[in-house]
Amino acid sequence: AAKGEKRGTCRSFRLGMDAAAQEKTRLENDFRDALKLGQLYVHYQPLVDLTSGAVECFEALLRWHHPVRGSVSPDVFIPLAEEIGLIDAVGRFVLHTACREAQNWPEHIKLAVNVSPLQFRNGNLISTVINALTSANLPPERLELEITEAVLMEKGPRPSAIIRNLRTFGIGIALDDFGTGFSSLSYLLNYPFTKIKIDKSFIFDLERESNSRAVIRAVIGLARNLGLTVTAEGIEREAVRDYLRDEGCLQGQGYLFGRPSPASEMQRYLSCDVRRDAA
Ligand code: C2E
Ligand code: MG
Ligand code: MG
Ligand code: MG
C-alpha cells in the first residue's frame, strides 16, 4: 500500500507538473498573439518633485489585456517575453509607443522606459532607441532608460559600452529597483548612471524597519556624493513622502501621486498640474 501510495503521489505530482507546463505553453502562445492582436498597451505613471508636487517625468509601464484572463501582470509576461525571445520586439513596441506619446507633453517633462537586460545582448538596442526618438522627433535628453542591476551581471564589456554610448546622446540611465540585486557598490562607479531608483520594498517598510531607513539614508547620501538624482518608488502615503523629502530625496513615484494610467488620463493630470503651478 505504501508503495502504491508513493507511486500515486508521484503520478499526481507529474500530472500537476504537466498541467503547469501546459498552462505555461498556453500563456506563451497567447503572448505571441498579444503583440500581433494589439492586446499590449502602455500606461504612464508620474514621477514628481517631492517638494512642489510638480510632474517631472512619466514612466511607461507595459500592460497586457488578455481577452479571457483579463489583465496579466508585467511581472509575469516580461520574464515570459524574455524566455521566448520576444523581448526585443516588445521593447521596440514600448519605445516607439511611448516616444510618440511623449511628443504631446510639455517639453520639460521626461519619459522613462524600462529596458530588459536581455535587450543588451543583441547589438540593436542603440539603433532601436535612436529610431524611436527620431521617428517621434523627441530630443534624446527627454528620454531616460531604466535598467535593473541584473544588467550588470551580463558578461563582457557590452552593457557598459552600450550604456556609455547611449549617454553620449544625452539619454539618461536610471538604475531601477536599487537595493534588491546583488551588485556591489563598485559596479555603480563603473557605469555612467544618472539616477538611482530606491526599490519600493524599502519604502513600504520604512515606518516599521529601521534597517530600511538606514538603507534609504545611505542611498540618498551615495547618490548625492556621486552627483546622481535619486527617486523613491512606492510612495503611498503623505507621511512617507514627507519623510523622504526631509531626508533629501528630491523625486518620488507612487499611488499617492498617481497610478499607472492611460495616456489620455496623463493629459488630464498635466492640465491639473499646470493649474496647481499657476495657483
Ligand atoms: P518597475 O520598473 O520597478 O516599475 C514600478 C512598479 O511599481 C510598477 O509596477 C508600478 O505600478 C509599481 N508601483 C508604483 N508606485 C507604486 C505604489 O505606490 N504602490 C505599489 N504597490 N506599486 C507601485 P508594474 O507596472 O506592475 O510593473 C512591474 C515591473 O514590470 C516593472 O517594475 C518593470 O520591471 C517591469 N516592466 C513594466 N513595463 C515594462 C516594459 O515596458 N519593459 C520591461 N523590460 N519591463 C517592464
Ligand atoms: Mg522602472
Ligand atoms: Mg522599480
Ligand atoms: Mg520593479
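A cavity is a set of points, on a 1 Å grid over the protein atoms alone, where a 1.4 Å probe fits but cannot get out, and lining residues have an atom within 4 Å of a point. The structure described here is a predicted model, in which local features need pLDDT of at least 70, side-chain atom pairs count only at pLDDT 80 or more, and totals for chains, interfaces and linings use all residues. Residues are numbered from 1 along each chain as its sequence is written, chains are lettered from A and ligands numbered from 1 in the order in which they are written, and side-chain values use heavy atoms, with hydrogens and water left out.

**Cavity and pocket**

The structure holds one cavity of 30 Å³ or more. The space in the largest cavity is about 50 Å³, where a volume is the space filled by probe spheres set on grid points joined across faces, edges and corners. Its lining consists of Asp88, Arg92, Gln119, Asn122, Asn124, Leu125 and Thr128. Helix 3 and helix 4 (125-136) are the elements that give two or more residues to this lining. Helices (H or I, at least four residues) and strands (E, at least two) are DSSP runs, numbered from the N terminus.

A pocket is an open set of points with protein on both sides within 12 Å along at least five of seven lines. The largest pocket has a volume of about 1200 Å³. It is lined by 44 residues, and Leu61, Asp75, Asn114, Asp176 and Asp177 lie nearest its centre. Among the elements that give two or more residues to this lining are strand 2 (55-66), helix 2 (74-83), helix 3 (87-102) and strand 6 (172-178).

The table gives the two linings by class.

Helix 3 has 16 residues and reaches 22 Å from its first C-alpha to its last, close to the 22 Å expected at 1.5 Å a residue. The expected span is 1.5 Å times one less than the number of residues. Buried residues of helix 3 include Ile87, Val90, Val94, Leu95 and Glu101; buried means under 20% relative accessible area, exposed over 50%, and partly exposed in between (1.4 Å probe, protein chains only).

In helix 9 (residues 238-247), the buried residues are Val240, Leu244 and Glu247. Seen down the helix axis, they fall within an arc of 60°, so they line one face of helix 9. The arc is that of the directions from the helix axis to the C-beta atoms. These buried residues pack against helix 7, helix 8 (210-226) and strand 8 (229-233), with contact meaning heavy atoms within 4.5 Å. Gly248, with a positive phi near 100°, follows helix 9.

**Single residues**

Asp177 is found in strand 6 and has a positive phi of about 55° although it is not a glycine. Asp177 is partly exposed, at 23% relative accessibility. Asn137, in the loop between helix 4 and strand 5, is likewise a residue other than glycine with a positive phi, near 60°. Asn137 is exposed, with a relative accessible area of 63%.

Gly221 is in helix 8 and is partly exposed, with a relative accessible area of 24%.
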